[in-house]
Amino acid sequence: MGPVVSTAFRVEVYDKFFARKGLIGDPISVTITPKHMAPGVATVAVAANHRMVPVLLQKGARIWLKDFSTRQHLMSGWVSTFRISGPEKRAVVEFDIMDDFVILQRILGWVVPTAAITGQGTAGTNWTMTDDAETVLKTAVDLNGVDRLGLPIDIPTSLGRGATVKARLRFQTLYDRLIPIEDGAGIIDSGIGVGVQQNPDAPGLRLNVWEPRVITQELNENSGVVKSWGVNGRSATISRGVAGGQGEAQLRLFREKADAALETALGWKFEAFRDARDTDDPTTMYERIDETLKEGAAVSGMNVELSETANFVARPGKIWVGDTVSMKLAGQVITDRLQEVTLSSTASEGKVTRPRIGTWSDNPDVKLAKIVQRIARGLRIANSDT
């Protein structure tokens, strides 16, 4: 008897040229986790003798995952890793898919995208642009991904959406400097959503920008939507920074900056050094110190796992990643974005949807820290009454 299969998702297979090679109509299991402003992950398991296995083992092979009934896009990307497990008569191959959003982490932002590598010192220390978030993002991807690298990325005309952001690029990835921009709120907080998917109209990819929605329905534990939640926190590790600029020995330029309010609150001083030998500009050196202080800032994390109900359905066009939702946790009304949705399908469990809000990863965001403190305070008040 062969392995049982699941058919909740449409699994399309493509080669490195974006040419369609066939369907996996009988996967053993599929798990898809789209994420807000970050690369999602997905895994497809098939029988080792499936006719699509040789295609998927080729370099550059791709999978496009869609909702089975509506054919709505869920995720597309390259096969990144595979695993084969036995015994031989029931051997299974698992393919991990790297979300196409990852291209933003694989393209560098040159100082002068229109010049050769030998001409990168002709226009200051950074490529800079200040504009609405959508225009900044699309301009940087167009200059570096399409024009400079010649990648087949379809970039629709900007509609000017998102708050004004200031971008600086100096051979960092587009993701590192455009999504969580250091010089302000960043595209991640600008009011737009960003995604990359396989282009349905031509071989290649398409950069998508949209405006996430605000869901007015309040979620809580009593409704069955809020399944579990947790919070964490860590204090700051850096309170003052020193940057070393150009020059040698006693001629080297140094600058220092401290967060006086933080040091008063901590009752102590924590130092860190930042190498900035590529510049003699004091303003740039202070910017590097600010980056170092941000890296060592106090961090908080929140994680809320939700369950689908008849009145709460997570899917494109309903409630989806990036949308803002409100929850009642420990007596506190918390408003945050839906960070990811895990969609899975197996023969034993059928289709299961697990939306999640918040992140356990280190996050220095002041707003998140205040949310965590409010929840902790709410718990103290609730426990004092019992």
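Author: Let's start with the rule: a salt bridge is a side-chain nitrogen of Lys or Arg within 4 Å of a carboxyl oxygen of Asp or Glu. Keep in mind that this is a predicted model, where local features need pLDDT of at least 70, side-chain atom pairs count only at pLDDT 80 or more, and totals for chains, interfaces and linings use all residues. Residues are numbered from 1 along each chain as its sequence is written, and side-chain values use heavy atoms, with hydrogens and water left out.

By that rule you get 23 salt bridges. One of them joins aspartate 275 to arginine 277, at 3.0 Å from N to O. For cover, buried means under 20% relative accessible area, exposed over 50%, and partly exposed in between (1.4 Å probe, protein chains only). Aspartate 275 is partly exposed at 37%, and arginine 277 is partly exposed too, at 46%.

Next comes arginine 288 with aspartate 278, whose closest N and O atoms are 3.0 Å apart. Arginine 288 sits in helix α5 (residues 282-295) and aspartate 278 in the loop between β17 (271-275) and α5, so this pair ties together parts 10 residues apart in sequence. Those names come from DSSP runs, numbered from the N terminus: helices are H or I, at least four residues, and strands are E, at least two. Arginine 288 is buried at 10%, while aspartate 278 is partly exposed at 32%.

Now try glutamate 12 and arginine 10, with closest N and O atoms 2.6 Å apart. Glutamate 12 is buried at 2%, and arginine 10 is buried at 12%.

Finally, there's a salt-bridge network linking Arg168, Arg177, Arg274, Glu287 and Glu291.
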